[in-house]
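Please look over the sequence and the structure shown here before reading on. The briefing that follows goes through them topic by topic.

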Amino acid sequence: MRNIIQIISNTLRSTFRKKENIIIYIFLPLLGVLLSLVIYGTPSSPVLRVGFVNHDNGIICEDLKEVLSSNDGFQLSDVEDADVNSLLLDMSIDLAVIIPQGFSEGVYSGTLKDIEIVSLKGQETTAWIEQFLSNYTDTLAKLSAASAGDRSLFDKMLDKYNSSADKLNVVVLKDKMVGRLMTSTSIGFLIMFMLFGANFTSSIILKEKRRRTYYRICTAPVNSRQYIAANAITSLMITIIQIFAILLLMKYVFRIDTGLSGVSMFIILLMFSFTAIGIGLVLTAFSDSSYMASTLSTLVTTPTCMLGGCFWEVELMPKFMQRISLFTPQRWALDAVEIMQGGGTWSDISLNLLVLAAFALALILVASFKFSRTENLQKFV
Amino acid sequence: MNIVRMDQVTKSFGDITAVDKMSLDIEEGEIFGLLGPNGAGKSTAINMITGLLHFDKGSISVLGSDVKKEKMKTKGYIGIVPQEVAIYEELTSLENVKFFASLYGLKGNELEAAALEALEFTGLSENAKKFPKTFSGGMKRRLNIACAIAHKPKLIIMDEPTVGIDPQSRNHILQSVKKLNEQGSTIIYTSHYMEEVEEICSRIAIMDHGKVIALGTCKELEDLISDRNIVLITVMDLLSGIKEDDIKQIPGVDAVEIEENIIKISSFREVSNMDKIINYFTSNGISIKSLESKMPDLEAVFLAMTGRKLRD
Ligand SMILES: Nc1ncnc2c1ncn2[C@@H]1O[C@H](COP(=O)(O)OP(=O)(O)OP(=O)(O)O)[C@@H](O)[C@H]1O
Ligand SMILES: [Mg+2]
């Protein structure tokens with residue numbers, strides 16, 4: 001344990017004695033992420049194009065349509081049920097809202113029917129229209145209960161409610177609009193950054209190997225497990241600082257809402273960074289030179305990020321690739337974020353966190369085995 | 001007690017057998033020289049003693065403890081001066097020494113004192129707070145040594161500690177090796193400089209192809225080839241087109257080494273072949289500048305034993 005602490009403090013001291021390294025190792029990567037958040041974070045069309053499928057045609061539906069279309073966030077168009085899929089596929093609409101038959105009747109009689117939402121893009125597009133609709137139907141249910149079956153009373157109350165609530169709704173939604181800037185693409189970039197960030201471990205170890213201080217450490221009574229633990233912890237400390245900085249900057253400076261609580265985002269990213277550090281260690285362990293390590297890192301990082309859904313929705317890929325993507329930690333991390341954005345609980349993502357932990361453990365074990373067996377001690381370049 | 005005992009140790013890298021059934025006993029208190037041409041297996045042997053390389057067969061013990069079974073213990077007995085300088089440029093001399101010594105369990109005041117002592121010993125006291133970036137090659141070499149001795153190891157292994165430094169620093173290092181030895185450390189010393197080994201080592205092993213081919217004091221080794229005679233011929237022309245193999249054909253000649261315009265020939269005393277040797281040069285139109293005959297020295301032993309010279 002003492003050895004581990006000695007190595008950690010020595011690494012930190014020798015790395016950050018040069019003040020510019022604080023910028024290079026901590027703030028430069030941050031800048032990259034923030035840049036990509038700003039660039040990729042803004043959805044190309046801020047207005048959601050909503051296909052409206054009306055099976056009901058009652059008064060309340062008309063009212064809902066009006067409320068929706070009067071909102072700047074939505075661009076409403078009437079579509080037929082049969083066209084929904086093709087419209088979604090050729091991207092002429094972002095999502096479809098399907099009002100079931102007898103919806104209006106249901107409101108009057110107090111037996112509310114669910115409104116269906118169909119989309120290809122996943123949670124972050126549907127989340128706020130879902131929220132909006134659930135607010136709306138909540139109100140309807142309350143009014144219905146209050147009017148106790150009296151239709152004219154209900155209509156009057158709804159009218160009154162709309163005229164007073166209209167502005168409110170708009171305001172709320174506008175806020176939500178800004179808040180929903182964190183698309184899955186930008187989270188994908190964040191995840192990719194964590195992977196590159198974990199290169200800190202490799203870069204430190206590679207540097208130690210190049211200038212033979214690694215060799216000297218190995219001749220001391222330090223085993224490879226201690227050495228790896230020390231480097232992983234150092235890397236983790238730096239990653240934690242970076243995650244904190246990113247989340248704080250996003251929240252307070254850029255006002256980007258991730259759609260999930262800071263704590264859950266932090267935990268998910270932290271679990272992922274364990275894996276990322278594991279990957280860094282394995283690449284270092286299997287490399288005979290710094291050049292090989294950096295080549296391997298590029299060869300591994302980019303394709304697995306593509307496969308894991310960092311750049312586009314996994315659902316857009318063929319089925320078999322979706323299945324392969326389950327072997328990338330990126331997929332599990334992104335999934336966890338998405339589940340939490342959709343209002344999931346800790347138990348909903350416990351599998352994801354477990355899988356990430358298993359990835360990390362396996363990688364670190366492989367790395368430490370390889371480190372203890374390495375024969376190329378002195379000729380490293 | 002033997003400080004190092006290697007018994008039938010074999011280590012292969014793929015097809016290459018770097019160390020081949022090597023057995024060696026090094027006694028406490030020795031300055032033990034390890035000589036051998038490039039690729040003989042010296043560094044491999046050292047790395048196995050320090051527990052860095054896994055070996056295939058045989059056993060090694062340091063101070064009676066098996067290096068495989070009690071690796072952390074045996075590592076603690078040893079201080080290694082690597083062939084290449086291994087220090088942190090971003091840390092001061094003192095911080096460097098303290099860090100490495102701390103890995104051997106030293107802490108607090110004891111650590112500080114030991115580090116300062118090691119710097120003092122290597123003549124770097126005044127540079128304790130300075131960064132190695134500004135150091136000369138010789139000073140870096142000395143810091144390299146300081147990092148290996150602060151924890152007062154029983155066994156110090158030095159892998160070519162004097163490569164590429166000025167004579168003054170080299171002298172300083174040789175004196176420190178002797179002093180360390182007097183203070184009770186056993187030393188394993190590899191070098192490409194025969195004079196150094198001759199000067200400081202109590203016993204010498206010559207390695208070639210992964211095996212120890214000769215072992216003994218300097219005198220004992222020289223006696224091995226007391227039946228031989230060394231002829232040094234200096235020729236006028238650097239590129240005279242002399243072929244080693246041609247000279248080896250001459251009866252009595254058992255090894256030849258050509259370095260620039262000096263030809264070193266080891267030949268059996270009882271065969272009188274001087275006229276033939278001279279004839280080889282004159283008949284090839286090569287003019288001889290000077291000719292010298294001398295008693296075998298360590299370098300001659302090396303040449304005779306390995307058929308190769310020490311330096312490439
Ligand atoms: N990590 C390795 N992988 C493969 N072969 C190796 C490795 N290390 C050493 N060898 C081979 O083992 C043999 C012995 O090498 P070693 O470094 O022990 O020689 P040496 O006596 O120290 O030479 P030098 O005087 O050049 O330092 C050489 O043929 C070398 O190429
Ligand atoms: Mg060597």
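A residue is called buried when its relative accessible area is under 20%, exposed when that area is over 50%, and partly exposed in between. The model described here is predicted.

**Chain A as a whole**

- Chain A has 381 residues, and 51% of them count as buried.
- Its secondary structure consists of 16 helices and four strands.
- The accessible surface of chain A is about 17,800 Å², and carbon and sulfur atoms make up 64% of that surface.
- Among contacts in chain A with a separation of 6 or more, 75% are between residues 24 or more positions apart.

**A charged patch on chain A**

- On the surface, a patch of negative charge is formed by Glu80(A), Asp81(A), Asp83(A) and Glu116(A).
- Asp83(A), one of these residues, lies in the loop that runs between strand E2 (74-78) and helix H4 (84-89) of chain A.
- Asp83(A) counts as partly exposed because its relative accessibility is 36%, a value that falls between the limits of 20% and 50%.

**Residues with a positive phi**

- Arg212(A) is not a glycine, yet its phi is positive, at about 70°.
- The loop between helix H9 (199-210) and helix H10 (213-219) of chain A holds Arg212(A).
- Arg212(A) has a relative accessible area of 9%, so it is buried.
- In chain B, Leu63(B) is a residue other than glycine that has a positive phi, near 50°.
- Leu63(B) sits in the loop between strand E4 (57-62) and strand E5 (65-66) of chain B.
- Leu63(B) counts as buried because its relative accessibility is 14%.

- Ile165(B) belongs to the loop between strand E7 (155-159) and helix H6 (167-182) of chain B.
- With a relative accessibility of 13%, Ile165(B) counts as buried.
- Apart from its neighbours within four places in sequence, Ile165(B) is in contact with Gly137(B), Gly138(B), Arg141(B), Arg170(B) and Ile173(B).

Terms used:
Residues numbered from 1 in each chain as written. Chains lettered and ligands numbered in written order. Predicted model: local features only at pLDDT ≥ 70, side-chain atom pairs only at ≥ 80, totals over all residues. Heavy atoms only, no water. Patch = residues over 30% accessible without salt bridge, like charges linked within 9 Å, V, L, I, M, F, W, Y side chains within 5 Å. Areas by Shrake-Rupley, 256 points an atom, 1.4 Å probe, with all protein chains shown as cover. Salt bridge = Lys/Arg side-chain N within 4 Å of Asp/Glu carboxyl O. Lys, Arg positive; Asp, Glu negative; His and termini not counted. Charge placed at Lys NZ, Arg CZ, Asp CG, Glu CD. Helix = DSSP H or I, 4+ residues; strand = E, 2+ residues; numbered from the N terminus. Buried < 20%, exposed > 50% of the residue type's maximum accessible area, 1.4 Å probe, protein only. Contact = heavy atoms within 4.5 Å.
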